[in-house]
Amino acid sequence: HITVGVLALQGGVVEHLNLLRKAAAHILSSPPPPESKAEDLPEFTFTEVRTPQQLAQCDALIIPGGESTTMAIVAQRLGLLEPLREFVKVQHKPVWGTCAGLVMLAEQVSATKQGGQELVGGLDVRVLRNKFGTQLQSFVAGLELGFLEKGGEAEPFRAVFIRAPVVEEVNIATQREEKGNGPVEVLGVYQQGQGKEGNKDIVAVRQGNVFGTSFHPELTDDARIHVWWLRQVVDAVRHGGLVINGA
Ligand code: GLN
């Protein structure tokens with residue numbers, strides 16, 4: 001039995017729960033991939049997380065989009081910040097942050113006028129918030145995500161960017177006390193403009209058990225990333241280790 005939580009302090013909670021259910025239905029109805037060691041099909045529970053007790057029930061967690069300073073303030077008030085850090089960095093459970101969730105999972109955020117904000121950390125990256133401007137400058141872009149391709153052409157993923165952060169630098173070598181997660185892998189890049197002129201931004205990264213995307217797969221009905229992530233969760237729970245290369 002596998003319990004996946006969605007941090008439900010603020011932001012796009014229901015959307016993630018819906019896509020997780022869709023992804024689970026897909027996994028349960030498709031033949032297991034050849035490399036999978038899974039003997040039988042998992043049972044899933046998807047649940048909202050607002051307390052340390054609820055977090056403790058979870059095998060994996062999604063931190064949704066929303067507003068990362070607000071989320072951090074609420075998490076701190078509810079006594080969730082330290083348990084979240086434990087979950088990610090000590091227990092090494094699979095965690096995925098989308099947009100504000102990616103900000104929360106970064107070890108560093110570029111200095112902003114407003115000053116510092118509490119983070120959960122776990123991804124050895126520095127992010128820049130609100131890279132593309134205001135809410136009105138939201139956009140959808142087709143991304144080539146190599147990790148979604150399984151021996152064939154995959155449709156570009158229609159990625160929704162809303163006041164999205166980008167990863168400015170990877171492997172910033174902060175003093176992470178825990179070992180074994182390896183370097184940060186860049187899994188997705190968004191290029192504005194053509195050719196060499198084009199500005200490339202890192203919009204998807206993974207480091208061991210921690211995965212982050214700048215965009216919001218939960219605001220589409222494309223469950224491919226949820227399916228991909230959930231399969232890694234299943235492997236991590238069954239084989240009790242880090243997801244080093246679940247692609
Ligand atoms: N701009 C928000 C932040 O920095 C994130 C926006 C989002 O999650 N859509 O927290």
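Trainee: Quick one to start: which helix is Ala56 in?

Mentor: Ala56 belongs to helix H2, which covers residues 52-56. Keep in mind that this is a predicted model.

Trainee: Is Ala56 buried, exposed or partly exposed?

Mentor: Ala56 counts as partly exposed, because 13 other C-beta atoms lie within 10 Å, while a buried residue needs 20 or more.

Trainee: Good. What confidence scores come with the model?

Mentor: For the protein, the mean pLDDT is 88, and 86% of the residues reach 70 or more. For the complex, the predictor reports an ipTM of 0.95 and a pTM of 0.90.

Trainee: Noted. What about the active site, which residues does UniProt list?

Mentor: The unreviewed UniProt entry annotates Cys99, His216 and Glu218 as "active site". They are spread over 120 residues of sequence, yet they cluster in space, with a largest C-alpha distance of 10.7 Å.

Trainee: Where does Cys99 sit?

Mentor: Cys99 is in the loop between strand S4 (95-98) and helix H5 (100-105).

Trainee: Why is Cys99 called buried?

Mentor: Because 30 other C-beta atoms lie within 10 Å of Cys99, and the cut-off for buried is 20 or more.

Trainee: Which residues does Cys99 touch?

Mentor: Leaving out residues up to four places away in sequence, Cys99 touches Gly65, Ile162, Ala164, Pro165, Ser214, Phe215 and His216.

Trainee: Then tell me about His216: where is it, and is it buried or exposed?

Mentor: His216 is in the loop between strand S12 (210-213) and helix H6 (224-239). It is buried, with 24 other C-beta atoms within 10 Å. Its contacts, again not counting residues up to four places away in sequence, are Gly12, Gly65, Thr98, Cys99, Val160 and Ile162.

Trainee: Switching to the ligand, which residues are around it?

Mentor: Around the ligand are Gly65, Gly66, Glu67, Ser68, Cys99, Ala100, Val103, Arg129, Asn130, Ile162, Arg163 and Pro165. That shell divides into five nonpolar, four polar and three charged residues.

Trainee: Now helices. How far does H1 reach?

Mentor: Helix H1 (residues 13-29) has 17 residues and spans 25 Å from first C-alpha to last, close to the 24 Å expected at 1.5 Å a residue.

Trainee: Which of its residues are buried, and what do they pack against?

Mentor: In H1, Val13, His16, Leu17, Leu19, Leu20, Ala23, Ala24 and Ile27 are buried. They pack against strand S1 (2-7), strand S2 (44-49), strand S3 (60-63) and H6. As a general point, an α-helix has 3.6 residues a turn, so residues three or four places apart point the same way.

Trainee: And which residues of H4 are buried?

Mentor: In helix H4 (residues 81-90), they are Pro83, Leu84, Phe87, Val88 and Lys89. Their packing partners are H2, S3, helix H3 (68-77), S4 and S12. After H4 comes His92, with a positive phi near 55 degrees.

Trainee: Last one: how many helices and strands are there in the protein?

Mentor: The protein has six helices and 12 strands. Of its 247 residues, 43% are buried. Among contacts between residues at least 6 apart in sequence, 73% join residues at least 24 apart.

Note on methods. Residues numbered from 1 in each chain as written. Predicted model: local features only at pLDDT ≥ 70, side-chain atom pairs only at ≥ 80, totals over all residues. UniProt positions renumbered as here; feature names shortened; annotations may be inferred. Helix = DSSP H or I, 4+ residues; strand = E, 2+ residues; numbered from the N terminus. Buried ≥ 20, exposed ≤ 12 C-beta atoms within 10 Å, placed from the backbone. Contact = placed C-beta atoms within 7 Å. Expected span 1.5 Å × (residues − 1). Near = placed C-beta within 6 Å. Nonpolar A, V, L, I, M, F, W, Y, C, P; charged D, E, K, R; others polar. pLDDT = per-residue confidence, 0-100.
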